[in-house]
Amino acid sequence: MLDVSKLRSAYGRIEVLHDVSLNVRATEVVALIGSNGAGKTTLLRALSGVQPITSGEINFCGERIDRLPSHRRVARGMTQSPEGRQVFGPLTVADNLRLGAYMRRDKDIDNDRDHVFTMFPVLYEKRNHAAEGLSGGQQQMLAIGRALMGKPKLLLLDEPSLGLSPTLVDQILEAIASLKADGVTILLIEQNANAALEISDRGYVLESGRIVLEGSGRELLSDPKVRAAYLGLD
Ligand code: ATP
């Protein structure tokens, strides 16, 4: 579904992604892990078209998309739920979800909204509240719910567990696992390597802008380097 080949990207003259290649097959959950500053966010921004690339290719569903503007990539089914939530604060939860579906013309929108409410019951309870009054975790759920309302083929999740309490992290991970069960394809960017790899089919480790390891979630969880560098275990 997604095939990234030898991607390079720079801020000014400083290259931060060096020949990054990875792929995500339909219905997989793939984790991209790496420490602060490894280039995870830059990679996601390059995929969604807000960060220029200097060379390499991005293919999505058999089509080369790296020269398409962001909105065209979204229209083709690639949606990002950004880090830091970025929900529309003054709007209600229900309106935020409706906005996620603005490109759709089909009739399943209400069903999909109900599905989001089933996944995150607190969003139903707060459906008529302004999004800015929600807790950080609830805003994160809303951001994911809003992205889902666009019925993406591929969901790009940027650090969904960032800043959340362990209970909320568990809830978000359960939601991701249930999306996987529904057949949604996900590229999950996480610093929380343990949590991400537990629910992922495969994973990549990004270090200083390079993919240094790849494998199944289980392989990476038992890899001595990953355990030492990202899980704090030896
Ligand atoms: P984090 O988890 O902290 O977001 P990350 O893995 O997502 O880390 P990036 O944010 O992609 O990493 O940053 C990769 C590198 O690019 C870092 O060295 C960072 O300092 C640099 N960088 C990020 N944004 C900019 C920018 N706007 N201008 C210049 N350099 C930047």
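Colleague: In the hairpin of β1 and β2, which residue takes a positive phi?

Modeller: G12 does, with a phi near 60°. That hairpin has 2 residues between the strands. Keep in mind that this is a predicted model.

Colleague: How many bridges join β1 to β2, and which way do they run?

Modeller: Strand β1 covers residues 2-11 and strand β2 covers residues 14-24. They run antiparallel, joined by 7 bridges.

Colleague: What stands opposite L2?

Modeller: V24, in β2.

Colleague: And which residue is the bridge partner of R8 in β4?

Modeller: S55 is the partner of R8 there. Strand β4 takes in residues 55-60, and its pairing with β1 is antiparallel, over 5 bridges.

Colleague: Which residue takes the positive phi in the hairpin of β9 and β10?

Modeller: S208, near 45°. The hairpin of β9 and β10 has 2 residues between the strands.

Colleague: Changing topic. Which residues are around the ligand?

Modeller: Y11, V16, S35, N36, G37, A38, G39, K40, T41, T42, E159 and Q191. By class, that shell has 3 nonpolar, 7 polar and 2 charged residues.

Colleague: Which helix gives the most to the shell?

Modeller: Helix α1, residues 40-48, which contributes 3 residues.

Colleague: How far is the side chain of N36 from an oxygen atom of the ligand?

Modeller: An N or O atom in the N36 side chain is 2.4 Å from a ligand oxygen.

Colleague: And what does the backbone do at G37 and K40?

Modeller: A polar backbone atom of G37 is 2.8 Å from an oxygen atom of the ligand. For K40, a backbone N or O atom lies 2.9 Å from a ligand oxygen.

Colleague: How much of the ligand's accessible area does the protein cover?

Modeller: It covers 57% of the 630 Å² that the ligand has on its own.

Colleague: Zooming out, how many helices and strands does the chain have?

Modeller: The chain has 10 helices and 10 strands. Its radius of gyration is 17 Å, close to the 17 Å that the globule rule gives for 234 residues, so the chain is as compact as a globular protein of that length.

Colleague: What does the C-alpha trace span along its principal axes?

Modeller: About 45 × 40 × 30 Å.

Note on methods. Residues numbered from 1 in each chain as written. Predicted model: local features only at pLDDT ≥ 70, side-chain atom pairs only at ≥ 80, totals over all residues. Heavy atoms only, no water. Near = heavy atom within 4 Å. Polar contact = N/O pair within 3.5 Å; in protein donor to acceptor, adjacent residues only side chain to side chain. Areas by Shrake-Rupley, 256 points an atom, 1.4 Å probe, with all protein chains shown as cover. Helix = DSSP H or I, 4+ residues; strand = E, 2+ residues; numbered from the N terminus. Nonpolar A, V, L, I, M, F, W, Y, C, P; charged D, E, K, R; others polar. Pairing = 2+ DSSP bridges. Rg over C-alpha atoms; globule rule 2.2 N^0.38 Å.
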